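Thanks for asking me to look this one over.

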Amino acid sequence: MVKTQENVFLINTDNLSYVFHVDKIGLILHDYFGNKIDLVDFDVHALRVKPNVGKGTSSVYDSEKSPDLSMDAIPLEFSFPHKGDYRTTPILLKNEKFGYVFDFKFEKFETREPKPLEGLPTPHDANEELVLFLKDEKANVVIELHYLVFEKENVIARNVVVVNESELELSILKALSYQLDLVNKEFELTTLAGSWASEMNQQTQLLVEGKYSIESRTGFSSARFNPFFMLKERKATLNYGEVYSFNLIYSGNHLEEIELNHNSLVRVEAGINPFCFDIKLQKGEKFETPYAVLTYSDKGINGARLNMHHFTNNHVIPSQWNNTIRPVVINNWEATYFNFNESKLLALAKDAKKFGAELLVLDDGWFGARNHDRAGLGDYSVNKKKLPGGLKGLSKKLHKKGLKFGLWFEPESVNEDSDCFRAHPDWIIKCVDRKPSPSRNQFHLDLTKREVQDYIIENVSNTLKSAEIEFVKWDMNRNMSDITFNDFEPGEFYHRYILGLYRILSELTKMFPNVLFEGCASGGNRFDLGILSYFPQIWASDDTDGLARQVIQSGYYLGYPLSTISAHVSSSPSHQLLRSTPIDTRFNVAMFGVLGFELLFNELNKYEQKRSLKLIEVYKKYREIFQFGDFYELETYSDNYRKWEVLSKDKKLCLVGYHLTIQKLLAPEGIINTTGLLEDKKYKVGVVELDHNIKDFGGLVNIITPFHVNPNGWLVNVLSKYKTMGGEKDNYTVYGNVLNNGGLILNPEWSASGLNDGVRVMKDFGSRLYVIELDETN
Ligand code: DGJ
């Protein structure tokens, strides 16, 4: 809810307040962003930073009317350079008369029914919109500050619009989406850095005086730095303390700047990267920046995380997918790569159906001359050698087997060796008179061109109409290079590409509202809220290794809900790292997301097959909670463990994934702790039933055999196919407050001990799933 009184503005959500006011010379001063508060007569004096401005300093004052107010020393809601603020600012403009010097003062405000942006994704169903209008009277330029309020999720989305009302052309050299000035509380900054198949590594550092920035210049949001970041007071933990988190609803080049100045003020700002950015506005034209997302919680990292998760599920992903259960897919990529045909796919489908898959996704290689990554991209004609009955034939056969059908596309690029390139060599992004640089043997199509956008819309939609197709995987496998320009300024290219992409995605998802679109960019090279505004889930990483994925998914969980994270069980050793991880681990990790498969089931050993049948049942039983429950990362007492929790909305059911890295003798930690259970209710705790593989015990098998057997010999091999060893039983009934505060202590891990049901045989990279259910006899 937005409340105003005279010059003071107060935005309240269920749990937070955001306050600013207009001062006597028309600057907008930021006062507060934190837990919900009341203001006595809207007097913000108590909240206001009282700068210590000694005479004779070199500070520059905004005006004679305000000699005590240097823009450098106060928290501002919006700032600009050359009038005394020497910090980084969200805006840099230029015109022929004033050069770089602009001076914006408050003009008016309005509250209104939220309106979507033109061409950029806008979070839907906001409660309210507040718009402040700032004007440079002399230059005739207006800045609009927009605030969308999401009360239940405790999120404010902000953007900036620049309007040129002057006869003079206006250059926008930098236009970020917001600025937030906070008083420093020994903040630590967490960013998410990575690369292909190693996305979302969390990096945390203490802010010191100076400016820190992350950015992408690859043309896309990129795996190098995700646009999400988080600031927390130093003492904040997973469940306690003040945490701010931020994201951007944009898929192109972005910049995030965090600056701590000598006055202990922290400036936070983010938006489109000003790298090669120069937008020209003529009289009457406006430029809209993408929405950024801001949230706060005093309930630690988990509190801020939940706000972001709820917001994304309820207001970013297309409404028809809110809380809609996602299917278990079998994707043929790691199972066959390019080497498939209809009969191989049908055999895979038959097995997949047995193991609980509901939809087969046919990945790269179904069209044109695409038998490897050197040809065919850009074409849409079905490869009849591989699929003699076409997509329609395959789809029919799959449906007959009880499976739905999904199809891979990579519409934004072409191979040089493709019919599309031969017919339209001028459609790729290339700079005049220069040879464009390839990546994975492909070039980007120039999506700033309307006819290219139409070519993609037409071909994808015709393909989707040609057979019963319920799922699309939309891939994009290279970074941008050789940017060009046609009838517009080169400084507009990167942004115009993204606008072209959004037009295509918007048209196609409107045309096929029931098709589930999954984004992908070699995994997480474009995992952002812009893409999620059209596609409700994204393939999170090409690394499907059971341990590596824990790190990757933990990074995603900071900003993105589990329903958006596509995660597949693959074979072991993993194709990416050649590391072997137990089948339980691969399942337990993929369950905390949208679980699918990416393997040949007939190449799993008998033990893995048996466990897979059991574990897919478990996943399906709890699928709704895994996809849409409240997620918490749990405290661990050493880096050797990782614990994830999902909790049903009614708090009756809680699932804890307990992951171990390296097994140690007399391991210290065996604790199940939780967050958010009903404190005064009893819960039953149990581990998902286990069965150990005889082969895991090596030579120890001789302890139970009457004669010596070779642990690698035929007898153990045969035995292991039919016999398992049973597993630990860890069952308890405890009050929620025991689990929430400190937790319960599990049976010991195997430490040269004998096997019985009081010993947890975790092994390296082991994992358990604990089911915690409200005891209905409470
Ligand atoms: C990259 C994706 O991340 C993979 O899952 C797969 O679809 C390949 N592209 C296909 O080329």
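This is a predicted model: local features need pLDDT of at least 70, side-chain atom pairs count only at pLDDT 80 or more; totals for chains, interfaces and linings use all residues.

1. Every value below is computed from it.

2. I began with helix α3 (residues 342-354) and helix α4 (residues 390-400), which pack with their axes 11 Å apart and at an angle of about 20°. Angles under 35 degrees count as roughly parallel, and α3 and α4 are therefore roughly parallel to each other. The crossing of α3 over α4 is right-handed. On the α3 side the contact is made by E342, L345, L346 and A349, and α4 contributes G393, L394, K397 and L398. Sorted by class, the residues of this contact are five nonpolar, one polar and two charged.

3. The length of α3 is worth a quick check. With 13 residues at 1.5 Å a residue, α3 should span 18 Å, and the 19 Å between its end C-alpha atoms agrees with that.

4. Which residues of α3 are buried? They are E342, L345, L346, L348, A349, D351 and A352. After α3 comes G356, with a positive phi near 95°.

5. The second pair is helix α6 (residues 450-465) with helix α7 (residues 493-511): the angle is about 25° and the axes are 10 Å apart. By the cut-off used above, α6 and α7 are therefore roughly parallel to each other, and their crossing is right-handed. From α6, the residues R450, Q453, D454, I456, I457, V460 and S461 meet G500, R503, I504, E507, L508 and M511 of α7. The contact of α6 with α7 has six nonpolar, three polar and four charged residues.

6. Now to single positions. L170 belongs to strand β10 (residues 170-183) and, with 1% relative accessibility, counts as buried. Leaving aside neighbours within four places in sequence, the contacts of L170 include L93, F102, V141, V162, I279 and L281, and also K94, N95, N164 and K280. The C-alpha atoms of L170 and L238 are separated by 46 Å, and the two residues are 68 apart along the chain.

7. Is N693 buried or exposed? N693 sits in the loop between β35 (682-687) and α13 (714-722), yet its relative accessibility of 9% puts it in the buried class. Not counting residues up to four places away in sequence, N693 touches Y607, S720 and M725.

8. Some backbone details deserve a look. Most residues other than glycine have a negative phi, and most peptide bonds are trans. Against that background, S572 and P573 are joined by a cis peptide bond, with omega about 0°; P573 is placed in the loop between β29 (565-570) and α10 (583-591).

9. N154 has phi near 60° and lies in the loop between β8 (141-150) and β9 (155-164); at 3% relative accessibility, N154 counts as buried. K763 also has phi near 60°, in the loop between β37 (744-745) and β38 (767-774), but at 33% relative accessibility K763 counts as partly exposed.

Methods. Residues are numbered from 1 along each chain as its sequence is written. Side-chain values use heavy atoms; hydrogens and water are left out. Axes are lines fitted to C-alpha atoms, for helices over the stretch in contact, and angles run from 0 to 180 degrees between N-to-C directions. Helices (H or I, at least four residues) and strands (E, at least two) are DSSP runs, numbered from the N terminus. Angles under 35 degrees count as roughly parallel, over 145 as roughly antiparallel, 65 to 115 as roughly perpendicular and the rest as oblique. A crossing is left-handed if the near helix is turned anticlockwise from the far one by less than a right angle, and right-handed if clockwise. Contact means heavy atoms within 4.5 Å. Ala, Val, Leu, Ile, Met, Phe, Trp, Tyr, Cys and Pro count as nonpolar, Asp, Glu, Lys and Arg as charged, and the others, Gly among them, as polar. The expected span of a helix is 1.5 Å times one less than its number of residues. Buried means under 20% relative accessible area, exposed over 50%, partly exposed in between (1.4 Å probe, protein chains only).
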